[in-house]
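This report looks at selected strands, helices and aromatic side chains. Please keep the sequence and the coordinates at hand while reading.

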Amino acid sequence: MLGLMQYHPLMISSAIEFAANYHGDTEIVSRRVEGDIHRTSYAEVNRRAKRIANALDAMQVARSARVGTLAWNGYRHFELYYGVSGSGRVLHTVNPRLHPEQMAWIINHAEDELLCFDITFLPLIKAIAGHCPGVKHWIALCDADKLPADTGVANLLSYEAWIGAASDQYAWPVFDENLASSLCYTSGTTGNPKGVLYSHRSTMLHAMAAGSPDVMGLSSRDCVLPVVPMFHVNAWGLPYLMAMVGCKVVFPGAQLDGKSIYELFESEQVNFSAGVPTVWQMLIGYLEANNLSLSTMKRTVIGGSACPPAMMDTFREKYGVTVFHAWGMTEMSPLGTYGTLKGKHELADWPTQRALLLKQGRPVCGVDMKIVDPEGNALPHDGKVSGDLMVRGSWIVKEYFKGEGGQILDHEGYFSTGDVANIDADGFMQITDRSKDVIKSGGEWISSIDVENIAMAHPAVAMAACIGIRHAKWDERPILVVVKKPNTDVSAREILQFYDGKIAKWQVPDDVQFVDAIPLGATGKMQKAKLREMFVNYALPQ
Ligand code: AMP
């Protein structure tokens, strides 16, 4: 017997329509790349998102066509989140920190038809436009008078002129909730970057779960500053969740240094934020150097990389900020676990609570987790035994965009995260290692394979392995371990110079170490775990 309740597809547009109707005057504050502070409201964001929808219709951009963005966190990017997805197109957020070649590859793979970019990225657009023949329009997120005359980029428009010519009258369409809404690429696995294609349904379910009290617990009374970029897994779902609760929003733009974030926290009375450890490192450094305190900031989510214990302690003891440790990944929209204590832990002493809070958190309802041994057998949740962490749920990837990577789920529908973890009886999960060969520096991936392949092309390199080394600011930095070819000589500097122009500067290893042999497994595969052990006492050059 079927239930007798109404069925309304879960539509992303419903979040902004709700916010416009019931929190219409709530402020959306942005530090713009133009340098000033801009103020708008949910009502205005909804109106302008409708203009985007009409402007896309006028260009005859088909349903499910991809519209790319290359932009920092700001109100225009926020409008695009709703205007593009709400009208049935797919928002593809491109990471501007990638090397231009990687960026062009991703834009072409996604088949972006439009690319909307912060005007500060114009030099980048000039460099890649010729390599992206599928992009029909390049749209600079600025006023018409800010657009230079001779850019050499064909079909370049100003966003304000483009949407200014369109009506703000538009009825958000209702369609199948399983249709794609946004696309985000991850290089967290082997080979080329892979696209994760979210749907309206997965996005809305994820945001609803993220807002619940044991997770982010946001409300209309909060003022949220998402430091996590909108090109990283939809800023962890915050652009949707914030509209769903109608909280005040503060977008930091391109300036993520300690001073800029501190100033916005204080001037806008922010009480909730979210970001990777590196940004908090910069904020704490600034607060300490200038003997400052935080007057309204109360809670922050730290994820993307493990939260260092000292960071959690400093936030709590010196600044009265509670840190919530969260774990997830692009393939998971991203939330998998969140570090809130249970009722039974509330009376526990601080060392006990601290030990729990430093774990990666416990599952959000809607995410099933298991840990398995190398044969795929489930391991106990005793907080001791570690295994490969696998997940399944309604906001977790089923397959990558265009089927890249083939079948990615096990026989029970679980996706392998590439993280190694233990889980205790209460569900608190703790990451103990990573089985995937990637390095995460300041919240951004560095593909060890890309780094190795470039080194292997050097005439003096017989074998090269790239591993991550702990780093106080960036969490991890890559180093390259090299076996030289017989009768050749090459210096570390020469090898590092070999990377010039081939990958982004921040992806180039910090050092090269020469060894006689790299440990290999039975199948000839490099044993990175053994290599990491060999370099456990190694200190990065300062
Ligand atoms: P991404 O797809 O870029 O969001 O990266 C996901 C990966 O980042 C995970 O599989 C982990 O390896 C790592 N990660 C995310 N959050 C945490 C965390 N809280 N602690 C440790 N590693 C994390």
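## Strand pairing at the sheet edge

Trp 138 stands opposite Leu 156 in β7, and β7 runs parallel to strand β6 (residues 137-140), to which 3 bridges join it. Strands are DSSP runs of E with at least two residues and helices are runs of H or I with at least four, numbered from the N terminus, while two strands pair if DSSP finds at least two bridges between them.

The model is predicted, so that local features need pLDDT of at least 70 and side-chain atom pairs count only at pLDDT 80 or more, whereas totals for chains, interfaces and linings use all residues. Residues are numbered from 1 along each chain as its sequence is written, and side-chain values use heavy atoms, with hydrogens and water left out.

An open sheet of mixed pairing is formed by 7 strands in the order β7-β6-β5-β3-β4-β8-β9. Because β7 (156-158) and β9 (194-199) stand at the edges with a single partner strand each, one side of each is left without a neighbour in the sheet. From one strand to the next the twist averages 25°.

Helix α3 (residues 75-86) lies across β3 (66-70), β4 (90-93), β5 (112-117) and β8 (180-186), and runs at about 145° to β4. Contact means heavy atoms within 4.5 Å; axes are lines fitted to C-alpha atoms, for helices over the stretch in contact, and angles run from 0 to 180 degrees between N-to-C directions.

## The β21-β22 hairpin

Strands β21 and β22 form a hairpin with 2 residues between them, and Gly 442 in the turn has a positive phi of about 60°. The two strands pair in the antiparallel sense over 4 bridges, with Val 438 opposite Ser 447 in β22.

## Aromatic pairs

A search of the whole structure finds 16 aromatic pairs, where rings of Phe, Tyr and Trp (its six-membered ring) pair if their centres lie within 6.5 Å, and planes under 30 degrees apart count as stacked, over 60 as edge-to-face and the rest as tilted. The rings of Phe 265 and Trp 280 have centres 6.3 Å apart and planes at 25°, so the pair is stacked. Phe 265 lies in helix α10 (residues 258-268) and Trp 280 in helix α11 (residues 277-289), so this pair ties together parts that are 15 residues apart in sequence.

Trp 280 is buried (under 20% relative accessible area, against over 50% for exposed and in between for partly exposed, with a 1.4 Å probe and protein chains only). The rings of Trp 280 and Phe 315 have centres 6.0 Å apart and planes at 75°, so that pair is edge-to-face.
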